[in-house]
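Student: I would like to go through the aromatic side chains of this protein with you, one question at a time.
Tutor: Gladly; let us look at the sequence and the structure together.

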Amino acid sequence: MRSRRVDYSESTRQALVDSAVELFTKRGYAGTSLDEVVKRARLTKGALYHHFSGKQALFEAAFDSVENAFMRKLGEIVSAPGDPWDTAIAGLRAYVRVCLEPSYQRIVIHEAPVVMGWERWREAEEHFSYGLLRSTIEVLITTGELEQLPVETMARLLFGALSAGASTIAGAADPRKASAEVERTIVRVVEGLRVTEPPPRITPEPRSRSRRR
């Protein structure tokens, strides 16, 4: 059985992460102090430093929390029973709409590349969203929905397109309009890779017999 100390430690850490997510979303990394984080969580600085080495470590935990929450939702969509193509497109549309969520937009897209560094951010992004995208493409190829192209290459190219789309949405003056445009475009790109069914075979009519004289 789990001890009360372990439960308390985990709940304390989660309270700090939840507080950090809310404050980083509203004020950004530079505009958030650790004093504000512990005050909102009703904890002490000592409790914070027991779990995190500093502000950046806390930010990375907030980043992981946001990514995990949204990727879990997307995973449920693409793994739901039903037609593989329909669930994949539903997941694609859902990801584009996730980019409108304030916490994802601010923490994952805007702040993380600066706070964590480009390489660390890309590595983290691949850990969360790339694997889900790649497995979805594998399913679509296996079920005959997509052309038999190299999985890794296709996944990398589509991942790059989705990342660019996320940045476009986050930096747009009208994010909702940008989201609709990105969604429509990326779905058309994927539809272009879909295997089309061969046209129905037309059976030639039998030649008419020549009339007897």
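Student: Does Phe63 count as buried or exposed?
Tutor: This is a predicted model, and the answer is read from computed values. A residue is called buried when its relative accessible area is under 20%. Phe63 has 0% relative accessibility, so Phe63 counts as buried.

Student: Which geometry does the aromatic pair of Phe63 and Phe128 have?
Tutor: The centres of the two rings, Phe63 and Phe128, are 6.2 Å apart, and the angle between their planes is 70°. Planes over 60 degrees apart put a pair in the edge-to-face class. The pair of Phe63 and Phe128 is therefore edge-to-face.

Student: How many residues apart in sequence are the parts that this pair, Phe63 and Phe128, ties together?
Tutor: Phe63 belongs to helix α4, whereas Phe128 belongs to helix α7, which covers residues 118–142. Phe128, at 13% relative accessibility, also counts as buried.

Student: Which residue has its charged end over the ring of Tyr29?
Tutor: Tyr29 forms one aromatic cluster with Phe24 and Phe59, and both Tyr29 and Phe59 are buried. Over the ring of Tyr29, 4.5 Å from its centre, sits the charged end of Lys55.

Student: And over which ring does the charged end of Arg156 sit?
Tutor: Here the charged end is placed 4.3 Å from the ring centre.

Terms used:
Residues numbered from 1 in each chain as written. Predicted model: local features only at pLDDT ≥ 70, side-chain atom pairs only at ≥ 80, totals over all residues. Heavy atoms only, no water. Buried < 20%, exposed > 50% of the residue type's maximum accessible area, 1.4 Å probe, protein only. Phe/Tyr/Trp six-rings, centres within 6.5 Å; stacked < 30°, edge-to-face > 60°. Helix = DSSP H or I, 4+ residues; strand = E, 2+ residues; numbered from the N terminus. Lys NZ or Arg CZ within 6 Å of the ring centre and 35° of its normal.
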